[in-house]
Amino acid sequence: MSRWRSWGRNWGLWLGAFIVGFTLFVAIFAPMVATQDPFAQDLSRRLVPPSWMEGGRPQHFLGTDGLGRDYFARLVYGARISMLIGIATVVTSGIIGIALGVVGGFFGGRIDDVILFTITARLSIPLILVALAVVSLVGSSLTVVVATLGLLLWDRFAVVARVATMQVRTLDYVAAAWSAGCSQPYIVMREILPNILSPLAVVATLEMALAILLEAALSFLGLGVPPPLPSWGLMIAEAKDYMFFNPWVIMVPGMSLFVLVFGINLLGDGLRDLLRTGRVA
Amino acid sequence: MLQFLARRLLVAVLVCLTVLTFAFALTRLAGDLAISIAGPNSTAEDIEVVRKAYGLDRPLVTQFFDWVSRAVVGDFGRSYFFREKVSTLIFDRLPITLTLGLVGLGIALSVALPLGVISALREGRPVDRIISLVALLGQAMPSFWLGLVLMITFGLHLGWLPISGTGTWQHFVMPGTVLAFSAIPALMRLTRAGMIDAMSADYIRTARAKGLSRTSIVLKHAARNAAMPVVSIAAVQLGFMLGGSIVIETVFALHGVGFLAWESISKNDFPTVQAVVLLLAIIYTLLTLGADLLNAVLDPRLRAA
Amino acid sequence: MSALLEVEDLEISFGALDAVRGASLEVRRGETHCLVGESGCGKSVTALAVMGLLPSNGARRAKRLAFDGKDILGLDEKGMSRLRGDRMAMIFQEPMTSLNPAYTVGSQMAEVLIRHRGASKRAALDRAAELLARVRITSPGMRLGQYPHQLSGGLRQRVMIAMALMCDPELLIADEPTTALDVTVQAQILRLLADLQKDLGLAILLITHDLGVVARTAHRVSVMYAGEVVESSPVDRLFHRPMHPYTRGLLSCVPVPGKIRRDQPLGSIPGMVPHVTRGFEGCAFRQRCPLTRPDCAGPIERRHPDPDRDYLCQIAPNEMAAP
Ligand SMILES: Nc1ncnc2c1ncn2[C@@H]1O[C@H](COP(=O)(O)OP(=O)(O)OP(=O)(O)O)[C@@H](O)[C@H]1O
Ligand SMILES: [Mg+2]
């Protein structure tokens with residue numbers, strides 16, 4: 001009974017964890033999940049609808065795209081790109097943002113002023129536009145997309161880390177470490193960081209969701225992951241020309257993107273509730 | 001108050017200068033700008049000609065100060081691609097983007113505010129949970145995809161709205177809705193949190209003890225105090241929406257500043273890109289500044305400080 | 001004539017916590033009724049329950065809750081809101097936060113009269129200025145245009161009092177109106193309340209920690225302990241001969257009645273108030289009581305030593321030694 005009730009209250013967390021875990025699994029084991037080659041074109045079998053629809057074929061579970069490539073295989077390999085972008089961006093931007101935020105919150109004063117200004121300036125820069133411009137100038141590749149997003153998406157990490165550090169800094173055990181003569185790096189690494197990790201975990205989910213959506217948008221605009229890589233955003237862009245007659249070509253990658261991002265957000269929301277109540281309800 | 005204003009203004013100016021530098025540095029990121037402008041199949045002489053023509057052979061510092069001194073008076077040079085002054089290009093297209101942004105903000109506010117208030121008044125009840133879930137769903141929606149889905153549904157199948165272009169107000173309904181989607185979750189959450197805070201405040205108990213009507217308690221006494229963070233976030237969201245219009249305008253073929261930016265990026269038309277980046281940053285900074293001012297009007301404590 | 005406010009067997013619970021268990025009290029017209037007791041004994045929630053202002057996690061039951069002879073237990077929020085601010089008003093323990101920071105004093109005061117009497121803004125502001133003067137605020141016209149943050153705590157509490165008087169209420173509930181203020185201001189506010197009571201014939205339910213205030217202002221006193229009214233009496237007889245051991249403890253903490261130290265808090269009796277949850281039996285004071293007996297764990301009898309007086313204890317009046 002109580003287990004059911006606790007599940008009822010935390011269903012979001014579990015559903016989110018399931019969606020993210022499942023996508024991660026598919027991404028890692030893509031070659032085993034999808035038996036077909038996501039790059040192999042077959043112009044004689046273009047725009048085959050999914051197998052349960054009229055005209056579908058059993059060997060193409062989700063049909064084929066405009067170049068006759070197996071849609072299911074592309075979707076599965078696309079999960080790799082989304083997860084890779086999401087995780088790599090969060091790691092990059094997390095390192096930058098947390099470093100800035102902790103330094104600002106820990107030292108305060110002039111240093112903090114400068115960091116606050118940096119955050120303000122960053123927020124005023126139009127995100128998508130700059131990302132597009134950078135990718136266009138440097139040339140599109142997975143690495144460039146990750147680096148660009150990583151260098152742009154650190155603001156929320158910095159804001160949260162800064163405030164959390166300020167709060168933690170005044171706590172007793174940190175004061176005790178000070179008076180015990182511990183070095184500053186020691187205090188930051190051992191006393192501050194572990195204590196601000198939980199709010200940062202929530203930020204990480206938010207940023208991961210945002211990074212995945214942004215990559216899709218960049219790829220959709222033709223300045224993200226280069227073809228023929230099967231990014232979900234790129235798949236939607238390539239399918240755009242056929243969507244009025246074959247709506248499923250944009251529904252398949254679009255829904256996948258939507259569900260994955262929804263799952264990540266659910267996970268983050270669940271984590272936030274968990275941290276607020278301080279226990280698994 | 002005056003001191004607060006002066007400080008905010010100083011920060012705003014500094015931010016604009018930073019972005020100015022950033023916008024300049026951005027275009028030098030790729031190394032040799034002349035090669036990018038001349039295109040991939042150009043000869044060494046072509047590149048030299050371009051370098052001379054655009055003044056790229058001067059020292060970087062000279063180029064920078066030249067650009068900045070023109071930029072601060074609104075002269076962004078001529079577009080490499082459109083053969084027109086960049087400022088003219090942008091100001092011709094700004095109305096469309098501003099309309100789109102304001103329509104988006106209007107839709108977002110008219111959805112987010114009531115939902116946030118209802119959510120707060122029914123905190124923890126099923127209605128609140130459902131609204132939170134809807135916000136989460138909205139947040140997960142890829143805007144360009146939503147745009148395409150709406151186009152198929154309302155444009156093609158139902159035929160209610162035009163699919164692309166800018167002729168009438170109907171043209172702004174779908175793009176405005178899509179743009180609003182991205183702002184609704186944040187606006188709604190903040191409205192909800194602000195209202196929950198306000199409704200549990202002592203002055204609300206006083207208002208009830210005075211026998212005021214429910215409407216007056218919620219809409220006058222609580223909402224006024226919950227409004228301040230909402231005003232700030234609304235300004236920020238409008239800024240983000242204008243920035244996000246690049247995707248929406250491309251999807252719906254609205255020829256606003258976003259579309260211009262996308263075109264100039266794909267055509268390596270750097271003066272225009274720089275100018276749009278700067279313009280959006282300035283608009284964003286002005287919006288947050290305006291929000292601070294509005295908050296000062298809303299909160300007598302700030303006004304006096 | 002029946003009392004203005006009648007409360008019989010009021011019970012208030014927050015989840016499993018029984019904050020008030022069968023409290024009864026009566027406030028008659030034109031008299032000051034003091035409600036005293038240690039922190040957490042349920043004074044504030046009793047007052048809030050009367051006003052129908054309990055927080056949403058609190059539940060209220062009662063045998064009878066009547067205002068001016070009419071039942072208000074069955075009134076819905078709308079019906080209550082017609083009484084509140086008009087015929088019954090309340091001022092709170094927290095003057096610093098009880099006014100809305102976003103509106104001027106004048107607009108917050110005026111809206112009471114506008115709401116209940118349909119007065120014009122002009123007339124309401126005139127009345128507000130008149131009342132500000134009445135609560136001895138200087139230059140009331142200027143104060144009307146000020147915001148709460150521009151006023152000191154004492155001034156804010158005066159504004160709260162003036163606001164409560166906008167519609168000439170018959171009952172004023174004042175929940176520790178002076179605890180948050182400094183000592184000199186406390187005395188001024190209490191004197192003000194006493195004067196208003198005399199001049200306007202108000203009935204006041206005054207919640208306080210301060211026995212000095214009780215001695216000087218009350219006509220009647222109800223002593224609360226752990227959610228129960230353990231003794232209720234006219235003020236002179238209570239000070240002259242307290243019956244309940246808890247009341248005696250309270251008074252013995254005070255040097256001499258009549259020459260009472262004003263800042264003396266209640267509750268300097270050794271021991272802790274027990275947490276009263278559902279199914280609690282017997283006298284809640286028995287662990288701290290010097291006269292405790294085995295039958296204190298059973299049901300307790302309410303005794304009437306003389307008319308107009310009652311207390312809740314196993315020990316009969318004649319067994320009770322003089323203090
Ligand atoms: N909103 C609430 N939720 C849960 N419990 C509450 C709530 N409000 C009051 N209580 C509980 O009800 C009991 C009585 O509280 P109340 O505020 O009436 O005390 P009080 O006599 O006014 O004390 P004080 O002198 O400190 O003001 C306390 O045990 C308190 O913890
Ligand atoms: Mg109290």
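Predicted model: local features only at pLDDT ≥ 70, side-chain atom pairs only at ≥ 80, totals over all residues.
Residues are numbered from 1 along each chain as its sequence is written, chains are lettered from A and ligands numbered from 1 in the order written, and side-chain values use heavy atoms, with hydrogens and water left out.

So, ligand 1. There are 16 residues around ligand 1, and C:S39, C:G40, C:K43, C:S44 and C:E176 are the closest; being near takes a heavy atom within 4 Å. Look at C:S44: a polar atom of its side chain lies 2.7 Å from a ligand 1 oxygen. A polar backbone atom of C:V45 is 2.9 Å from an oxygen of ligand 1. Helix α1 of chain C gives the most to that shell, three residues (helices are DSSP runs of H or I, at least four residues, numbered from the N terminus).

Now the salt bridges, meaning a Lys or Arg side-chain nitrogen within 4 Å of an Asp or Glu carboxyl oxygen. In one of them, the side chains of A:R74 and A:E238 meet at 3.8 Å, N to O. That pair links helix α3 to helix α10 of chain A, 164 residues apart.

Is A:R74 buried or exposed? Buried, at 0% relative accessibility, while A:E238 is partly exposed at 27%. Here buried is under 20% relative accessible area, exposed over 50%, and partly exposed in between, with a 1.4 Å probe and protein chains only.

Technical notes:
Polar contact = N/O pair within 3.5 Å; in protein donor to acceptor, adjacent residues only side chain to side chain. Helix = DSSP H or I, 4+ residues; strand = E, 2+ residues; numbered from the N terminus.
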